[in-house]
Every structure is written in structure tokens, then in C-alpha cells.
Amino acid sequence: MNEISDDLLTQCMHCGLCLSVCPTYALTGLERSSPRGRIRLMRSVMEEKLPVSDAFVEEMNFCLDCQACETACPAGVKYGELVESARVFVDQKRKGFNLKQFILRKIIVRKRTLRLVARAAGFYQRSGIEGVVLGALKLFSKRLYNRAKLLPRVSDEFAIDVLPEVAEPKDGLRGTVAVLTGCVMDVFYADVNRDTVDVLLENGWQVAVPHDQVCCGSLNAHNGDRETPRALAKKNIEVFERSGADYYVINSAGCGAFMKQYGEVLADDAEFAERAKKFSAKVKDFSEFLYQTGYKKPEAHICKSTVYHEACHLVHAQKVSTEPKSIVRELSGDQFHELNEATWCCGSAGIYNVVRYEDASKLLDRKMKNIKDSGAEVVVTGNPGCMAQIGAGVKNEKLDIEALHPATVLNRLYKSGKL
Ligand code: SF4
Ligand code: SF4
């Protein structure tokens, strides 16, 4: 049985400095919905002073795993690790069918199954059936309607099917990189994967897109599954090692954060511990990589009012903020504006916006208010979940705002010279 580590639990000195940054505490004002309160609950359950009650399970799942508390914590409490262990612990105690685990373990991580589901969803959207279904749901079930309309546009074709396994830059050769196209990323944002490759080529990198790569495992790891992510990590290590690339460039904050942790995830594995450590050392977020290695400045600036939303798994989990923000600032010149509460979760949080729609909506409302107050016409963010969540907010409120990945911004400026 996976216990929640006592060493991690006792690190918390209950100072409360994390409370003001916690989005769920802001929603309820209840101590038990704060990082400190949840740590106390975990300790009580581990010491068997409290049972694994429905209320305990609810609090562990109410948490966004946004890790804003880790950034604020002076004691270095690894809160993400704690809540993920608590979810594994809770999951082992649960009996009966678990829809969330079924989707994560049997669909998301299985390439062929995911593609079949994605193709069916694409047909549902393009054939017009979606409009009919949404119309009916609007009349009979507001709850289902709200969830059904969250589905972002499914890509016409997946990037991994059309991108070559190795592409050479037109001019010069600075080194080699391998790119993760991801699972959900490629279903909904294949265009961002193509933009990522184009931008890297434009900057003189040879780009490998290993076709036998698999899902990074982050969604499972954040939702109570320890074993599947370990198997996926091993497969990706083998595949990316074979590419021979100098760096592994990841354009999804959640995936990048988890791949940087492969070294810890496989630390106890005799065969993979060392390889995983080396693998993680090569992982770079897309913006982090471009900024650190130097990128070609486009001739034109973004000519629309622009803000940068900091994805939780970039700013809090990876501690990457200066690099993407500097790129966005450089690309937008005097059109750059600070976004109030830029590091506050938008409510996407992996699959949180689907499984806890109401809570996620409250966080999205707060984010959308800040975006509207900023006067932004473009919101740049480095995570597909945030793009989808903010995109849903834009659609709901019928606003003329685009939520774009930095790769798309750069590629548009390189290719058409305008945005
Ligand atoms: S800031 Fe850190 S040490 Fe203080 S209560 Fe929060 S988790 Fe505990
Ligand atoms: S991870 Fe986010 S939601 Fe969860 S306790 Fe920390 S700040 Fe709050």
C-alpha cells in the first residue's frame, strides 16, 4: 500500500503563508480546503485519527494540484507530491468501477484507442451532430450542456501522422532536438505541434519527432495512478534516447513538468534510475529552450493588446516564468500588458474542468474578469489545457480574444509578419 510520506507531512510548520495563494481556499474560506488544512487531514488519516471518509476524498480531489502553495511555502513542502500520494492512497481504498480511472488508463494512454475516440469526436463535430446534441442538452440538462460544450475542436489530422521523423533546418545547424507531440495535445492542438517544429527549424535546430513515443503519463500521475506513468516513462526514455537528440523540447506545461520528474519517478528502478535522471536533465519547456538558446526575432511585433497567462505547471511546477514572459514581452513591444493574477489557476488543471465543472467555472470567471480588465485581444499561454479553458471562457462570453501558444505566435510572425 502506498502511504503518504511522514517526512513530507512533517515538513509543514503550519505558518499559513500558503493560504492567500490557494484558489480552493479562496473559493470556500475553509481551513480544510487550504494546503495547510489538507496536510493536517492527511496526517490525521495516516495516524488513523480520522477515517478515509467521503469528506477526506472530496478535499483531496477538490485540490487543483496547481502547486501555487509550493511556490509560496518557505519550508519547501512538496505539496504536489503529497496530494498525488493522497490520491493514490484514496484510490486504493475505493471499490467498484471508477470512470475517471477507466478513461485515463484505458483510453488516454492507449494511442490507438485515443485516436478512435478522437476521430469519432471529430466526426460528431464536423457532421453537425454536435449542434443538434447541444441544442437538446440546453433544453433538458444544463449540467450536461455545460460539460459537452467544453469539447475543443478536434484536429483534422494529428501532427505525428504528418510530421517527418527527422526534419532538417534550411539554414545552418545548431544542434538536435526531439519533440513530444503528446496525447491530448495532438488531438486538439496538432497545429501547435506543427508550429513548434516550424519554429525550431526556423531557429536552426534539427527536429526529431519520434513516431513511437507515448503519452508522458502526467494526467495519470496527478490522478491517483502510480504504475501506468512509470511504464510510460520507461517507453519514452527508450524512444527519445534512440533519437540521439541533445534536448527534448516540450510544448505542454503539464507534460514538461512531469518529464522533468522522470528521474524521481524511476529513482528506485535499477535499470532506469540513471537513464531517467539523464533524460530529465535534457527536458526543456519550449519557451525556456528558445529563450535560453537565443531565438530569431521576427521582423514585426504583435499589433494587438497582449497578456501572458502563467500556466501552473510552468510557473509553479517547473519554476519557468521569466523566459516565456520575456519572449511575449519582446514579441508584443508596447502592446504588452501585465495580467492581474497571471499566476492564478484558470481552472483547467488537467481534467479538473471536466470532472469538477462547477468549481473550475468559478476559477475561470475570475480569470476572465482579469483578462477583460486588461483589455487583452491576445492571451499567450504555454499549456493546452489553459488554451482550451480560456478559449471556452472567450466562447461563453462571445469575446473577440485569441488564446494562443507562444509557438503559434512566433510562427505566425515568422510566416506572415503579422498577428
Ligand atoms: S506555507 Fe508551507 S509550511 Fe507554511 S502552512 Fe503552507 S505548506 Fe505548511
Ligand atoms: S495545489 Fe493549489 S489548490 Fe491545491 S492546496 Fe495548493 S494552492 Fe491550493
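This is a predicted model: local features need pLDDT of at least 70, side-chain atom pairs count only at pLDDT 80 or more; totals for chains, interfaces and linings use all residues.

Modeller: Residues are numbered from 1 along each chain as its sequence is written, chains are lettered from A and ligands numbered from 1 in the order in which they are written, and side-chain values use heavy atoms, with hydrogens and water left out.

The search of the whole structure returns 29 salt bridges, the term being kept for a side-chain nitrogen of Lys or Arg within 4 Å of a carboxyl oxygen of Asp or Glu. Side chains of opposite charge can pair when their charged atoms come close.

I start with Lys325, which forms a salt bridge with Glu338, the closest N and O atoms being 2.9 Å apart. The two residues are 13 residues apart and link distant parts of the chain, with Lys325 in helix H21 (322-332) and Glu338 in the loop between H21 and helix H22 (352-355); helices (H or I, at least four residues) and strands (E, at least two) are DSSP runs, numbered from the N terminus. Glu338 is partly exposed because its relative accessible area is 48%, the classes being buried under 20%, exposed over 50% and partly exposed in between, with a 1.4 Å probe and protein chains only. Lys325, by contrast, is among the buried residues of H21.

Glu310 sits in the loop between strand S6 (306-308) and helix H20 (312-315). Leaving aside residues up to four places away in sequence, Glu310 touches Val315, Val320, Ser321, Lys325, Ala342 and Thr343, a contact being heavy atoms within 4.5 Å.

Helix H21 itself is mostly covered, with 8 of its 11 residues buried. Besides Lys325, the buried set includes Glu323, Pro324, Ser326 and Ile327, and also Val328, Leu331 and Ser332. These buried residues pack against helix H19 (286-293), S6, H20, strand S7 (378-380) and helix H25 (406-416). H21 is followed by Gly333, whose phi is positive, near 50°. Further along, the loop between H21 and H22 also holds Ala349, which has a positive phi of about 45° although it is not a glycine; Ala349 is partly exposed because its relative accessible area is 27%.

Glu59 and Arg38 meet through their side chains at 3.3 Å, N to O. This pair, too, links distant parts of the chain, from Glu59 in helix H4 (residues 54-62) to Arg38 in helix H3 (residues 35-46), 21 residues apart. Both partners are covered: Glu59 counts as buried at 4% relative accessibility, and Arg38 is buried with a relative accessible area of 1%.

Asp225 and Arg105 likewise meet in a salt bridge, at 3.6 Å from N to O. The partners stand 120 residues apart, Asp225 in the loop between helix H14 (218-221) and helix H15 (227-243) and Arg105 in helix H7, so that the pair links distant parts of the chain. Here Asp225 is buried, with a relative accessible area of 3%, whereas Arg105 is partly exposed at 30%. Elsewhere, Glu31, Arg36 and Arg40 are linked in a network of salt bridges.

On the scale of the whole protein, the division is into domain 1 (6-93), domain 2 (99-148), domain 3 (159-291) and domain 4 (298-416), with bounds that come from an automatic or database domain assignment. The C-alpha centres of domain 1 and domain 3 lie 30 Å apart, and the contact between them takes 7 residues from domain 1 and 7 residues from domain 3.
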